[in-house]
Amino acid sequence: MANFKALAKDTAIYGLSSILGRFINYLLVPLYTYRISAASGGYGVITHLYAYTALFLVILTYGMETTFFYFMNRKEEDAGKVYSTILRMVGTTSALFVALVLLFLRPISSALGYADHPSYIWVMALTVSMDAFQCILFAYIRYRRRPLRFAFLKLFNIGLNIVLNLCFFVLLPDIRAAHPGALQGIYNPQVGVGYVFYINLACTALLGLMLIPETAGIRGGFDRGLMRRMLSYSWPLLILGIAGNLNMTADKMLFPALYKGADASVQLGIYGAASKVAMIMAMITQAFRYAYEPFVFGAAGNSESEKKDTYARGMKYFIIFTLLAFLCVIAYMDILRHVISPDYWEGLKVVPVVMAAEIMMGIYFNLSFWYKLIGKTYWGAIFSGAGLLVLVLVNVIFVPEYGYMACAWGGFCGYLTAMLLSYFIGQKHYPIAYPLRGIASYLGLAALVYVGIFLSGKYLPTVPSLLCNTVLVAVYAAYIMKKDLPLPSLRLRGGKAHKG
């Protein structure tokens, strides 16, 4: 029987650490936007390079997180050998990546537009290579069901990052401004946004030292046959991951090349900063994934009907609560906009679109389990590839005329495409009776509440508008409590799953 209590407990810990961690990381958004003016384009540099970093993290892990859980839960496999083989594979490829970047540092820096700052490139390459190796170590922590250690390490890393950023973007600059001759050799204002990348490297390196106990598994040996089976399983996941990541980052990579104006970095910075307000969707989907992925593969022994009922209800509750989060952010936008400097407020019009895209990404992630469970992961590559194609076309066609709004709508259309393809094809290969009627009722109510919030913001002063929005969100929350809380449990009667 599916252990929803265990899932709920792990989700609470992973979710708390993820949401709290992202919230703490949120401090960097006002810090950067208030200390780096939109006109300087500095935040555009951060947005641009981190888009490439996210892509290379996917490439360097090449689907081995999911592969790890799949093979670790196969009775015929040696768990120690699985873990050791994956660690050696990812460690080797990460080291090769760093070596290649250092070998071709100058041409890479020039191609990306940072010929004057090659250190940005090698620092980010070294950081992402360590991140890739650490992904497997954290997967092992999740496999061992040690959410508290997972949460502690993640939060410590984020906390250190915040402290160092406050030092190098607030404390030291203010001291230097008051005493121009001070801090020689400690702080150089000419480094500017470069400190963002150096701090990230320092924090990742220290985290690596704290993860040394998890690296002991590398002594388990290396199995070439197992490696071939893993690669056979993971290569579609790599393509899926690349396509999925590009659905999130391709717009930021393409924008400087597609945008007609001379202020591409400025506009990209505004778009990147405004999109951060929509980060709550990423918090929720990530927390859900951390708890749900090992739970799904670990429940492989349950009856087919019970598993399908679990997936269907999981989808419903995911949609219910992400819609609630969406409405809360939109309702209190007059407050949340202060997360970023007023220099960047013109970009806030992308927030509803970006958040809707994040919801569809989460739905697509939940739908993706059907092809992972039956071993046909190539479908994921097809769906994500189709979504990516739509995203790129929207950007190429519309960015020259509409700027970063086309980037937001490109992501929306890309995830919508992948989500619909996964649902309709999945129903043919692994049919699941999703509660579509119940989901539709929540979508309809959320749409009405959204319209009410929009109208209140248009016709009412700020304080009455916020009060009105609070009532509207409370109506949606009350509907959840009446219809679907407390969460039903599953129990088996006569071999069939029933709601309790």
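Predicted model: local features only at pLDDT ≥ 70, side-chain atom pairs only at ≥ 80, totals over all residues.
Leaving aside its neighbours within four places in sequence, which residues is E214 in contact with?

**View A. The surroundings of E214.** E214 is found in the loop between α9 (194–210) and α10 (224–258). Its contacts, apart from neighbours within four places in sequence, are Y83, L87, L137, Y140, I141, R146 and R149. E214 has a relative accessibility of 4% and counts as buried, because buried means under 20% relative accessible area.

**View B. The aromatic pair of Y120 and F197.** The structure holds 30 aromatic pairs. In the pair of Y120 and F197, the ring centres are 5.1 Å apart and the planes stand at 55°, so this pair is tilted. Y120 belongs to helix α7 (residues 118–143) and F197 to helix α9, so the pair ties together parts that are 77 residues apart in sequence. Y120 and F197 are both buried.

**View C. The aromatic pair of F398 and Y402.** The rings of F398 and Y402 also form a tilted pair, with 6.2 Å from centre to centre and 45° between the planes. Both residues lie in helix α17 (residues 378–402), where, being four residues apart, they are separated by about one helical turn. F398 has a relative accessible area of 37% and is partly exposed.

**View D. An aromatic cluster and charges over rings.** F68, F69, Y83, Y140 and Y143 are linked into a cluster by ring pairs. Two of these residues, Y83 and Y140, are also in contact with E214. Elsewhere, K154 lies over the face of F138, at 4.2 Å from the ring centre. R337 lies over the face of W345, at 4.4 Å from the ring centre.

**View E. The salt bridge of R35 and D174.** The structure holds four salt bridges. In one of them, R35 is joined to D174, and the closest N and O atoms are 3.2 Å apart. This pair links distant parts of the chain, with R35 in helix α2 (residues 28–35) and D174 in helix α8 (residues 147–178), 139 residues apart. R35 is partly exposed, at 40% relative accessible area, and D174 is partly exposed, at 39%.

**View F. Salt bridges between buried residues.** R142 forms a salt bridge with E65, in which the closest N and O atoms are 3.4 Å apart. R142 lies in helix α7 and E65 in helix α4 (residues 64–72), and the pair links distant parts of the chain, 77 residues apart. Both R142 and E65 are buried. The side chains of D251 and K252 meet in a salt bridge at 3.5 Å, N to O, and both of these residues are buried.

Key. Residues numbered from 1 in each chain as written. Heavy atoms only, no water. Helix = DSSP H or I, 4+ residues; strand = E, 2+ residues; numbered from the N terminus. Buried < 20%, exposed > 50% of the residue type's maximum accessible area, 1.4 Å probe, protein only. Contact = heavy atoms within 4.5 Å. Phe/Tyr/Trp six-rings, centres within 6.5 Å; stacked < 30°, edge-to-face > 60°. Lys NZ or Arg CZ within 6 Å of the ring centre and 35° of its normal.
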